[in-house]
Amino acid sequence: MEKVIPTAALAFTIYILCLLGYRLTLHPLTKFPGPLIAKLTNGFGGFYALRKDIHLKIYEDHMTYGHAMRYGPDRLIFNTETIYNSDRVTKSHVYRAAQQHPDQYNIFNVRDRGMHRAKRRLIGQVVSEKSMRSFEPVMLQQIDVLLLKLMKASASSVPVNITPAVRQLGIDIVGHLGFGYDLKMQTEETNHWLMKAFYLGDWRINVCMQWPLLTWIRPEVISGLMPNSIRARLFDLLDTMIKARLSQKIDSKHDLLGVIAGSMGDDFKSLRQQELWTEALFFFPAGGETTATAISAAFFYLSRNRECYDKLAEEIRSSFASGSEIRQGPQLASCRYLRAVIDESLRMCPSVPGVLWRELVNGDDGTDPFIVDGHVIPKGTQFGVNIFSLHHNEEIFPKPFEFRPERWLEAKDEEARKIMDRGFAAFSTGSRGCAGKPMGYLECSLVLAKTLWYFDFEKASDLGGGVPGLPGIRGRTNLFQVDDTFAATHNGPNLKFIPRPEASHELN
Ligand code: HEM
């Protein structure tokens with residue numbers, strides 16, 4: 001026995017050295033440049049994901065190593081255009097990190113195409129443009145709660161931190177859309193721990209995606225054993241929401257639960273609730289956090305770019321006759337500057353800033369070469385685009401750190417516009433692109449337009465921007481700073497709201 005342990009340790013050491021040597025010299029990705037440690041281990045990405053600034057590290061590394069870079073023993077990152085449109089590409093196996101149980105999938109982590117199509121059809125019924133027409137009154141009610149909060153804060157001249165305000169709004173809206181349940185995030189503090197729960201869940205998933213070895217160490221198993229853990233509370237709350245909804249008639253509301261239950265008939269109550277839970281666990285961060293980032297970024301940039309603020313205010317205030325007229329329809333769709341502000345905010349501050357890892361679909365052995373940016377992708381490679389880097393690639397978006405909504409309206413010609421469209425991946429693209437895009441745009445448009453109808457606003461502090469003196473992007477004071485926890489997390493901006501006398505009486 002005494003001899004077996006040193007022999008095993010020696011054999012293991014030799015194995016590791018051979019593996020590292022192979023990764024550096026003989027591996028099919030050897031010719032690609034990239035940070036040395038990243039070529040040896042995914043722990044490199046895992047380390048920066050833990051620090052929550054991997055999106056910025058990748059951006060800086062593109063500056064050093066170019067547009068095609070090796071960022072893991074079997075990983076490549078590109079920075080020229082979105083690669084997500086191809087039919088030959090599917091989500092990487094690293095999305096397993098987001099599974100609650102090995103045999104349960106939701107629309108986000110499912111890889112099987114047939115299963116994905118079925119889930120997409122189902123969820124599409126809830127988040128489609130058509131569905132938004134019947135859901136809009138609920139969304140508007142929730143936005144009114146936000147506007148009244150802004151009104152109250154303005155009466156006592158208290159600045160408002162936009163990030164928590166719009167995260168609460170987003171979670172409330174998704175609570176209604178998912179379960180017809182009022183979580184009262186905007187009006188009571190009871191469920192505020194949910195924001196931490198989603199943040200921790202997203203962060204864990206991101207770290208495990210960068211360093212899949214960690215997927216085997218499942219921290220939630222340990223935390224689930226603790227009765228008061230956030231995970232246990234989350235599951236209790238989901239249980240309450242599902243039970244509350246099931247006590248009502250299934251077709252009494254048009255929500256995710258109603259649609260899924262309707263599609264399952266009698267199976268539903270007995271067998272499939274687990275599946276609904278896992279769908280729900282994704283629905284909240286997907287619908288709540290992402291939209292909150294877009295809105296926070298838009299408020300940040302508008303409060304720092306007076307000309308853009310004035311143009312948008314003018315467009316909104318001349319397009320409608322009253323605040324209640326601001327709703328989905330041709331009038332809102334004709335506000336082109338508003339759409340440009342949202343796109344420019346998402347360009348500068350993508351709600352999902354990191355790499356969406358992909359691989360060739362099962363059964364595609366790479367015999368017919370799959371080419372990205374002139375490079376053949378060897379079989380078994382994980383590849384993707386870092387959305388923050390792509391959106392700040394100056395060959396696609398000149399002066400990328402300038403907030404210029406006009407760039408979306410003034411593209412010189414068709415070709416220039418096409419280049420920008422190919423470089424804009426805030427919602428990703430292709431069959432796995434965002435299913436909730438119409439809802440995301442609607443919510444952002446309504447919040448921005450209604451706020452500018454009832455209020456003027458201005459910067460109350462520097463919160464949200466970079467810190468002077470810090471190196472690189474973190475030192476850019478005019479850039480809305482986010483941490484990469486798969487969905488972006490952030491704080492600020494802090495704004496002072498001033499009611500417009502000619503409009504604010506409508507709100508009361
Ligand atoms: C500004 C708002 C939003 C942004 C920027 C955004 C961004 C994204 C991105 C980048 C993905 C791809 C993720 C990946 O490939 O791993 C995605 C997927 C998805 N999003 Fe969104 N999203 C937004 C709003 C919403 C909303 C409001 C919902 C609905 C509640 C939603 C539901 C989904 C779903 C269901 C998927 C998975 C699609 C699939 O795999 O088929 N999103 N979103």
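**View 1. The side chains of N494 and S461 are joined by a polar contact of 3.3 Å.** Such a contact is a pair of N or O atoms within 3.5 Å, one able to donate a hydrogen and the other to accept it, with sequence neighbours counted only between side-chain atoms. The model shown here is predicted, so local features need pLDDT of at least 70 and side-chain atom pairs pLDDT 80 or more, while totals for chains, interfaces and linings use all residues. Residues are numbered from 1 along each chain as its sequence is written, and side-chain values use heavy atoms, without hydrogens or water. N494 also reaches out with its side chain to the backbone nitrogen of N161, at 3.4 Å. You will find N494 in strand 12 (strands are DSSP runs of E with at least two residues, helices runs of H or I with at least four, numbered from the N terminus). With 16% relative accessibility, N494 is buried (buried is under 20% relative accessible area, exposed over 50%, partly exposed in between, with a 1.4 Å probe and protein chains only). Leaving out residues up to four places away in sequence, N494 touches P159, V160, N161, E458, K459, A460, S461 and L463 (contact means heavy atoms within 4.5 Å).

**View 2. The peptide bond between G492 and P493 is cis.** Its omega is near -5°. P493 sits in the loop that links strand 11 (487–489) to strand 12 (494–499). For background, most peptide bonds are trans, and most residues other than glycine have a negative phi.

**View 3. R70 is a buried residue without a salt bridge.** The nearest side chain of opposite charge belongs to D74, 7.6 Å away (Lys and Arg count as positive, Asp and Glu as negative; His and chain ends are left out). R70 lies in strand 1 (residues 68–70). Its side chain reaches two backbone oxygens: that of G72 at 3.4 Å and that of P73 at 2.9 Å. Beyond residues up to four places away in sequence, R70 touches a set of residues including R23, H27, F32, P35, K39 and L76.

**View 4. Helix 3 (residues 43–51) has buried residues, and K52 follows the helix.** G43, F44, G45, G46, Y48 and A49 are the buried residues of helix 3. Their cover includes helix 2, helix 4 (54–65), helix 8 (193–210) and strand 10 (483–485). K52 is not a glycine, yet its phi is positive, at about 70°. K52 is in the loop between helix 3 and helix 4, and with a relative accessible area of 15% it is buried.

**View 5. S157 is another residue other than glycine with a positive phi.** Its phi is near 55°. Look for S157 in the loop between helix 6 (129–155) and strand 4 (160–161). S157 counts as exposed because its relative accessible area is 51%.

**View 6. L24, L36 and I37 make a nonpolar surface patch of about 280 Å².** Patch residues have over 30% relative accessible area and no salt bridge; nonpolar side chains (Val, Leu, Ile, Met, Phe, Trp, Tyr) are joined within 5 Å, like charges within 9 Å. The areas come from the Shrake-Rupley method with a 1.4 Å probe, and for residues only the protein chains shown count as cover. I37 belongs to helix 2 (residues 36–40), and its 48% relative accessibility makes I37 partly exposed.

Methods:
A salt bridge is a side-chain nitrogen of Lys or Arg within 4 Å of a carboxyl oxygen of Asp or Glu.
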